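Colleague: Hi, could we go through the side chains in this one together? I have a few quick questions.

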Amino acid sequence: MHDKPQCSGNGYCDERAVNILRRFGLKETRQRKIILEIFLRMEGHPSTEEIHEEILRQGHRTGIATIYRLLQVLVQAGIVRTLEFGDGHTRYEYRDDSQQHLHFVCTTCGRIFEVPATSVNNQFEQLAKAHAFFLHNHTTYLYGVCDRCLPTGTKAHPPIKQERIDQMGNTPCNKSKMCTTEKKGYGPTSFRLQDPERVFQHLALQRGMLFVDAGCGAGDYSLYAARILGEHGRVIALDTMETSIQRLGTVSRENGCAQISAHVCDITDSIPVEADSVDIILLSTVLHIKSVRNRAESMFTEFKRTLRAGGTLAVLECKKEEADFGPPLHSRLSVAEVEALARPCGFKKHSELTLQHTYLACFKPI
C-alpha cells in the first residue's frame with residue numbers, strides 16, 4: 001500500500017492537515033481540519049459515507065454534505081483522487097504521484113489490493129512517448145478473483161459452445177455471431193461461482209422475453225441471457241459503474257447482440273423500465289451490499305412496478321455460511337432474510353434453487 005501522511009502518537013495528523021490546507025491556499029476551519037485529519041488516518045479507500053461514519057464514531061458533529069464539499073475541493077486541488085471500484089460508491093485516495101500503484105479488484109468480494117506499479121511504469125511511459133503524449137499520472141484497475149474467493153478445485157466455466165446452445169433449442173442473436181462471455185467486462189460478477197445453465201433453467205427464460213439484469217457488473221448474465229432470448233427478446237442491463245456499462249455495450253455490439261440495452265443507473269432509486277413489462281429481474285450478489293440492503297424497500301417497490309403479472313424477481317446470493325471466498329459471513333443473507341426484505345414490498349417466495357456455493361430465491365408479485 002502506498003504511504004499516507006503519518007500521524008502522531010495521539011492519533012491526529014494536525015500538522016500535516018494544516019500544512020496541506022495552507023500549501024494549497026485552502027481556508028483553515030475546524031471542520032476541514034477534522035475531516036482531513038480523519039481521512040488521512042483511514043485505511044483503504046473510504047467513501048463519503050464511511051468518512052462520515054468514522055467522524056461520528058469519534059464524537060464529532062459534521063454533516064455528510066460538508067464532507068462531500070471538502071472532498072470535491074481536495075480533488076480539484078489535486079490533493080485527493082476519486083476511484084470507482086463498481087460497488088456503487090465513489091471512493092477517495094490521498095494522492096501521492098511519487099508512489100504510483102495498481103488496484104487489483106476482486107469481482108466477487110470487492111476486496112482491493114494495492115500493488116506498486118514500478119515494474120510497469122516504464123512501459124506506460126514508453127507507450128505515452130510512442131504516441132507523443134505527456135503522462136503525468138495514471139490510475140489502473142485490474143479486475144479478477146482473489147484466492148480467497150475462488151474455492152479449492154473450482155474452475156472458471158469455459159464459454160458455452162454453439163452445439164450446447166442448439167441443444168437447448170435456442171438460436172444466436174445473429175446468424176454469423178454469438179453473444180459470448182469469453183470476453184469479460186469490468187465489474188463485480190458471481191457468474192463463475194456456479195453453473196449458469198442451472199440458474200437459467202430454473203428461471204425458465206424463454207425466447208422473446210424481457211430480462212432485466214439489475215446490478216449487472218461485468219454483464220456475464222446479460223450476455224448469457226441474450227443467447228437464450230434470441231433476436232426477438234430484450235435484455236436491459238443496469239449498473240452504477242459506467243465502465244462496466246460501456247464495456248458491456250461494446251461487447252454486445254461486437255457480438256451482434258442488438259437486443260442488449262445497457263444503462264448507468266442506481267437500481268435502488270428508479271430504473272428506466274416501463275411498468276408491467278418485465279418477465280424476469282435478476283438481482284445477482286448485490287443485495288448483501290449494505291448500501292443496497294438499506295434501500296431494499298425502494299428498490300423492491302420499483303421492481304414490482306416494472307414486473308408484469310406472473311413475472312419473476314430472482315435473487316442470487318452466496319449461502320450464509322463460513323467460507324474462504326466471497327463476502328464475509330456478517331454480510332451474507334439467508335433465504336429467510338431475503339424473503340423478509342421482499343415480502344413487505346408485495347413479493348411472495350415462489351421457488352428456491354440450492355447450488356454448491358450460492359442459492360437462487362425466486363419471488364412473484366402479489
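Colleague: Which residues do ring pairs link into a cluster?
Modeller: Ring pairs join F200, F211, Y221 and Y224 into a cluster. Rings of Phe, Tyr and Trp (its six-membered ring) pair if their centres lie within 6.5 Å; planes under 30 degrees apart count as stacked, over 60 as edge-to-face and the rest as tilted. Before we go on, this is a predicted model: local features need pLDDT of at least 70, side-chain atom pairs count only at pLDDT 80 or more, and totals for chains, interfaces and linings use all residues. Residues are numbered from 1 along each chain as its sequence is written, and side-chain values use heavy atoms, with hydrogens and water left out.

Colleague: How many aromatic pairs does the count come to?
Modeller: The count comes to 5 aromatic pairs. One of them is F200 with Y224: the ring centres are 4.9 Å apart and the planes sit at 15 degrees, so this pair is stacked.

Colleague: Where do F200 and Y224 lie?
Modeller: F200 is in helix α7 (residues 196–203) and Y224 is in helix α8 (residues 220–229), so the pair ties together parts that are 24 residues apart in sequence. Helices here are DSSP runs (H or I, at least four residues), as are strands (E, at least two), numbered from the N terminus.

Colleague: And is F200 buried or exposed?
Modeller: F200 is buried, at 3% relative accessibility. Y224 is buried too, with a relative accessible area of 2%. Buried means under 20% relative accessible area, exposed over 50%, and partly exposed in between (1.4 Å probe, protein chains only).

Colleague: Switching to cysteines, how many disulfides are there?
Modeller: The count is 0 disulfides, a disulfide being a pair of cysteine sulfur atoms within 2.5 Å. For C216, the nearest cysteine sulfur is that of C265, 8.9 Å away. C216 is buried at 4% relative accessible area, and C265 is buried at 14%.

Colleague: OK, charges next. How many salt bridges does the structure hold?
Modeller: It holds 9 salt bridges, each a side-chain nitrogen of Lys or Arg within 4 Å of a carboxyl oxygen of Asp or Glu. Among them is R57 with E54, at 2.7 Å from N to O. R57 and E54 are 3 residues apart in helix α3 (residues 48–57), about one helical turn. R57 is exposed at 61% relative accessible area, whereas E54 is buried at 17%.

Colleague: What about E302 and R305?
Modeller: Their side chains meet in a salt bridge at 2.8 Å, N to O. E302 and R305 both lie in helix α11 (residues 296–306), 3 residues apart, about one turn of the helix. E302 is buried at 11% relative accessibility, and R305 is partly exposed at 31%.

Colleague: Which residue does K349 form a salt bridge with?
Modeller: K349 forms one with E352, and the closest N and O atoms are 2.9 Å apart. K349 is partly exposed at 30% relative accessibility, and E352 is partly exposed at 35%.

Colleague: Last one: where does K319 lie?
Modeller: K319 lies in the loop between β10 (307–318) and α12 (335–342). K319 is buried yet has no salt bridge, and the nearest side chain of opposite charge, E321, is 4.9 Å away. Lys and Arg count as positive and Asp and Glu as negative, while His and the chain ends are not counted.

Colleague: What does the side chain of K319 reach, then?
Modeller: The K319 side chain reaches the backbone oxygen of L355 at 2.6 Å. Leaving out residues up to four places away in sequence, K319 touches R332, T354, L355, Q356, H357, T358 and Y359, where contact means heavy atoms within 4.5 Å.

Terms used
A polar contact is a pair of N or O atoms within 3.5 Å; within protein, one must be able to donate a hydrogen and the other to accept it, and residues adjacent in sequence count only if both atoms are side-chain atoms.
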